[in-house]
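My entries follow in the order in which I looked.

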Amino acid sequence: MVSTPESKYMSSQEYLDWEEQQPIKYEYINGEVFAMTGGTLPHNSIALNLASDLKSHVRGKGCKVFMADAKLGVSEKGPFHYPDVTVTCDERDKNARKVIYHPCLIVEVLSPSTESFDSPTETLRERGKKFQQYRRISTLREYVLISAEQINVEVFRLNDRGIWELYTYMEREEVYLSSVDFRCALELLYEDVVLESDEEETVGM
C-alpha cells in the first residue's frame, strides 16, 4: 500500500463515505488513507487457488469466503484493510454488504510489491503492525501469510490459552487451518504459479 500525498486526517465515517467515490481501493489506518497497490500474477493465483478451495470446503456450513475486494474492519472506527482472503462464519456478517467485522480467518499473500517497503527489517515491522491490529478482532482464530516467491506458509493460530502460536509449512507438506478445519497440500496452493526461483532456473538454462 502507498500513502497518498494529499491525504488528510479523516474520521472513519468520512473515510467510508469518501472511498465509495474513489476509482481504487484505500486502506484506513489511524485517520490516514493508503492507496492499494496491485499484486503480481503469482500473488493473484495463490489467493484464487486458496479462496476456491475454501469456498468448496465451507459450502453449506454457514461460512463465507471473500477475496481482496472485500473490506475488513477491525472495528467500526477502523482500521480498515483489504486482506487477500477472508473467511467469516459469524451470524453478524451474514447480511453484510460493505464491511466484514467478524472473521475467523485472514490470509495475506506476500510478494515484493505488498510486503516490502525499504528493507527486510521494515517488512517485519509492517507485518507485525498489521497483525497487532488484527488481533483486536475477538472472532479471529488464524492469521496466515503465504509467500509468493517460494513455497512457504506461516500460520499464526490462537490456542486454547489465548496465546498465538506460529506454525510453518514448506514444500511437500500439508497445511492445516483449524479455524475452518481445512487441509490442503501446499502444492495445490501454488498450482499454476510461476515462482521467482522457477524463472531464475529458466533463465539459467
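**Strand pairing and helix packing**

I began in strand 3, where Ala35 is the bridge partner of Tyr26. This is a predicted model, in which local features need pLDDT of at least 70, side-chain atom pairs count only at pLDDT 80 or more, and totals for chains, interfaces and linings use all residues. Residues are numbered from 1 along each chain as its sequence is written, and side-chain values use heavy atoms, with hydrogens and water left out.

I then followed strand 2 (residues 26-29) and strand 3 (residues 32-35), which run antiparallel and are joined by four bridges; two strands pair if DSSP finds at least two bridges between them, and strands (E, at least two residues) and helices (H or I, at least four) are DSSP runs numbered from the N terminus. The two strands form a hairpin with two residues between them, and Asn30 in the turn has a positive phi of about 50°.

Next I looked up the open sheet, whose six strands stand in the order 4-7-9-10-11-12 with mixed pairing. Strand 4 (64-67) and strand 12 (164-170) are at the edges with a single partner strand each, so one side of each has no neighbour in the sheet. Strand 4 pairs with strand 7 (residues 85-88) in the antiparallel sense over four bridges, and Met67 stands opposite Val85 in strand 7.

Which residues of helix 1 (residues 12-19) are buried? I found Ser12, Tyr15, Leu16 and Glu19, where buried means under 20% relative accessible area (1.4 Å probe, protein chains only). What covers them includes strand 2, strand 3 and strand 8 (99-100), by contact, meaning heavy atoms within 4.5 Å.

Technical notes: Buried < 20%, exposed > 50% of the residue type's maximum accessible area, 1.4 Å probe, protein only.
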